[in-house]
Amino acid sequence: MAIESEQQSQAEDFSAVELALATRNHGFPLESLRYDLTPIGLHYLLIHFDIPLVDASTWRLEIGGEVGRPLSLSLEELMNRPRTSVACTLECAGNGRARLSPRPLSQPWLEEAIGNAEWTGTPLASLLEEAEVGSDAVEVLFTGLDRGFQGDVEHLYERSLPLDEALRPEMLLAYEINGQPLPPQHGFPLRLIVPGWYGMSHVKWLDRITLITEPFEGYQQAKQYRTKLTEDDPGEPVTRIQPRSLLVPPGIPDFPERHRFLSPGPCLLEGRAWSGWAPITRVEVSVDGGESWQDAELGESTGDYGWRRWTYDWDAAPGEHELCSRATDGDGNTQPLRAAWNTGGYVNNAVQRVPVTVQP
Ligand SMILES: Nc1nc2c(c(=O)[nH]1)N[C@H]1C(S)=C(S)[C@@H](COP(=O)(O)O)O[C@H]1N2
Ligand SMILES: [Mo]
């Protein structure tokens, strides 16, 4: 099959750099789609530089820049503020990158850069209000403690949000995941949660929040996370998550190829679907590689920003099949059959293809 041979040739030339990234930044085992909330450790990880070592007893969050009243808060002070939780699907903007050809050199995700955890913390908006945002402020800059080189530029990991976006009530400064203190790899002691947006905006290991009067032009904002067709193309910024759906891999795998085998007869196909633009309104399933589609049944969502379960009753006939699912959201965004290429390999939400062998 054409798709298999394409994937095969890509797999043959993965570089040592990609292998090192893939073992550091692990993915989400797709069978974990069975859990409403992703257990810590099954959630994907993406860390550009090194995980900082933070002493929570001396760490403080600084809020400054274009504000009337700069703030400096300890972790304890943040934890004594109003507390709220949100179930939120996180997805790396580079999810699906390794399916692109030519493949951009970065973390080689197939489709496993996802997780759906419950994040607990204090709302960002009330802290910004308390800091008295100045009338000249246009963006809010979130700076992490981690520093490194990327594209020959030395910088701290930092990203901005437009002020109106940062003031949305769902924006959270999180110090817990699934009821546990943030582990080092997920941003201890504090990270930003931007429900609906791709992963890069959820800045970990927060050090300071700065109100700025000009749009931020730092490396992770102006150079990365833009859908560029050439290096000189300014492209469009990556923001909210495009709809995607994934299948719980049916049947049993072989090792190491992980091809799926199942028995003929009734088989419940199930998975999850999400979008950062609007709630999921439809999921379709194909058992013939996208030739024909049938509606799946929609289950419960895990809140406004968490993924939604779906199921489809399949009567599996003996032979080879290619299973696909396609999600559509309330804004009419849907998944394409083929990916659109860009230099960073971002926002590839093409439908997943799962080849299976049905045999007695
Ligand atoms: N400080 C900091 N924040 C960061 C990153 C980083 O490297 N440093 N990576 C970002 C990216 S690209 C993603 S996809 C998410 C991953 O979050 P997770 O590792 O908790 O799943 O964190 C984001 N926040
Ligand atoms: Mo990412």
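Biologist: In which loop is Trp205 found?

Modeller: Trp205 is found in the loop between β9 (191–193) and β10 (206–212), where strands (E, at least two residues) and helices (H or I, at least four) are DSSP runs numbered from the N terminus. This is a predicted model, in which local features need pLDDT of at least 70 and side-chain atom pairs count only at pLDDT 80 or more, while totals for chains, interfaces and linings use all residues. Residues are numbered from 1 along each chain as written, chains are lettered from A and ligands numbered from 1 in the order written, and side-chain values use heavy atoms, without hydrogens and water.

Biologist: What is phi of Trp205 near?

Modeller: Most residues other than glycine have a negative phi, and most peptide bonds are trans. Phi of Trp205 is near 50°, a positive value.

Biologist: Which residues are joined by a cis peptide bond?

Modeller: One such bond joins Ser101 and Pro102, with omega about -5°; Pro102 has its place in the loop between β3 (84–91) and β4 (114–123). Another joins Phe255 and Pro256, with omega about 10°, and Pro256 lies in the loop between β14 (252–253) and β15 (260–262).

Biologist: How many helices and strands are there in the chain?

Modeller: The chain has six helices and 22 strands. Its C-alpha atoms fill a box of roughly 70 × 40 × 35 Å along the principal axes.

Biologist: Which residues come nearest to ligand 1?

Modeller: A residue is near a molecule if one of its heavy atoms lies within 4 Å of it. Of the 19 residues around ligand 1, His48, Asp146, His186, Arg191 and Lys204 come nearest.

Biologist: Which polar backbone and side-chain atoms lie by ligand 1?

Modeller: A polar contact with a ligand is a pair of N or O atoms within 3.5 Å. A side-chain N or O atom of Arg191 is 2.7 Å from a ligand 1 oxygen, and a backbone N or O atom of Leu46 lies 3.0 Å from an oxygen of ligand 1. A polar backbone atom of His202 is 3.1 Å from a nitrogen atom of ligand 1.

How values were computed
Polar contact = N/O pair within 3.5 Å; in protein donor to acceptor, adjacent residues only side chain to side chain.
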